[in-house]
Amino acid sequence: MLASGEDFALKVMDLSQSQPKTEALHWSKLGEGLWQTVPLAHEARGVYRVTLPGNAIQDRDFEYYLSAETDDGKTVVYPATAPQMNQTVVVMPAAPGDVSN
């Protein structure tokens, strides 16, 4: 769950034996079906990060999944049911009178 206007930050741990060719977060506002892809930033051995700014999310619930292309060209996804069934994030609306956004 995110608060209205909050960035969605994700830390990803890749446990594969070798560094993948690519790693990405795919996300879509619920009900739209238009997927956007954001590459993950490599931070350290097997550690990646990605952030979706609150202004990109626009206070809308969204779904996402992760993908990685292995060094032998295979694509793996999380969750394993993606892209048919994905992770869902609910954005809570701002409270009446909240001027923090």
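Start by selecting E63 and N86: their side chains make a polar contact at 3.0 Å (N or O atoms within 3.5 Å, one able to donate a hydrogen and the other to accept it; residues adjacent in sequence count only if both atoms are side-chain atoms). Before going on, note that this is a predicted model, where local features need pLDDT of at least 70, side-chain atom pairs count only at pLDDT 80 or more, and totals for chains, interfaces and linings use all residues. Residues are numbered from 1 along each chain as its sequence is written, and side-chain values use heavy atoms, with hydrogens and water left out.

Stay on E63, in strand β7 (residues 62–69); strands are DSSP runs of E, at least two residues, numbered from the N terminus. E63 is buried but has no salt bridge, and R60, the nearest side chain of opposite charge, sits 9.7 Å away. Here buried means under 20% relative accessible area, exposed over 50%, partly exposed in between, with a 1.4 Å probe and protein chains only. A salt bridge would need a Lys or Arg side-chain nitrogen within 4 Å of an Asp or Glu carboxyl oxygen.

Next, pick F8 and F62. Their ring centres are 5.3 Å apart and the planes are at 80 degrees, so this pair is edge-to-face (centres within 6.5 Å; planes under 30 degrees apart are stacked, over 60 edge-to-face, the rest tilted). F62 is buried at 0%, and F8 is buried at 9%.

Last stop: W35 is partly exposed at 31%, while Y65 is buried at 12%.

How values were computed
Helix = DSSP H or I, 4+ residues; strand = E, 2+ residues; numbered from the N terminus. Lys, Arg positive; Asp, Glu negative; His and termini not counted. Phe/Tyr/Trp six-rings, centres within 6.5 Å; stacked < 30°, edge-to-face > 60°.
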